[in-house]
Each structure stands twice: as C-alpha cells, then as structure tokens.
Amino acid sequence: MEWQLADAKNRFSELVNRALRVGPQRVRRRNEAVVVISAEEYESLKGQRVSFKEHLLLGESLEGVDLERDSSPMREISL
C-alpha cells in the first residue's frame, strides 16, 4: 500500500501493523518515497556478512605462492 506522509503520520500505528501483517508499506513525500518493513524482513534482505578477516581466511589458499620480497636493487634515475 502507498501512503501520503500526512496520512502515515496520523495513522502510524496502522502503518506499522500493516507492515508487520501484510508486507512493505511505501510512504511518499512529494517525489520521494521510503518503505517501512518489519525487522524480520529487513534482516532477511540484509543477509549475513562475514568480516574482512573471515573473508580472507575463507578465500583461496596461498599455498605455493612465492611471497618473498624482491631483493633486487631499485632502478637508476637520473635527476
């Protein structure tokens, strides 16, 4: 359902109840709109995110990759 902002403010309890029972509710202010959804639906849309550390640990193995620093001298630059 789509609500005008003034109606949503005046009937906020109904707006929340419908978001919980029926589903997402769109609230419009002129040309802008927001959507009110239940916390359960928000969590399902957001999904689980792993930390950066977990992402690296779950990634491909670096076994066999040469990680030694190149010890060759830097290039010559004429100033």
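Author: S2 and S3 form a hairpin with 2 residues between them, and Arg 30 in that turn has a positive phi of about 55°. Strands here are DSSP runs of E with at least two residues, helices are runs of H or I with at least four, and both are numbered from the N terminus. The model is predicted: local features need pLDDT of at least 70 and side-chain atom pairs count only at pLDDT 80 or more, while totals for chains, interfaces and linings use all residues. Residues are numbered from 1 along each chain as its sequence is written, and side-chain values use heavy atoms, with hydrogens and water left out.

Arg 30 lies in the loop between strand S2 (25-29) and strand S3 (32-36). Most residues other than glycine have a negative phi. Arg 30 is not a glycine, yet its phi is positive. Arg 30 counts as exposed, at 72% relative accessibility. The cut-offs are these: buried is under 20% relative accessible area, exposed is over 50%, and partly exposed lies in between, with a 1.4 Å probe and protein chains only.

S2 and S3 pair in the antiparallel sense over 5 bridges; two strands pair if DSSP finds at least two bridges between them. Within this pairing, Val 27 stands opposite Val 34 in S3. S2 also pairs with strand S1 (residues 2-4), in the parallel sense over 3 bridges. There Val 27 is the bridge partner of Trp 3.

At the other end of S2 is the loop that joins helix H2 (12-21) to S2, and Gly 23 is found in that loop. Gly 23 counts as buried, at 9% relative accessibility. Leaving aside residues up to four places away in sequence, Gly 23 touches Arg 18 and Val 36, where contact means heavy atoms within 4.5 Å. The C-alpha atoms of Gly 23 and Val 36 are separated by 8.6 Å, and the two residues are 13 apart along the chain.

The hairpin can now be placed in the whole protein. The order of elements along the sequence is β-α-α-β-β-α-α, which comprises 4 helices and 3 strands. Of the 79 residues, 10% count as buried. The C-alpha atoms fill a box of roughly 75 × 40 × 15 Å, taken along the principal axes.
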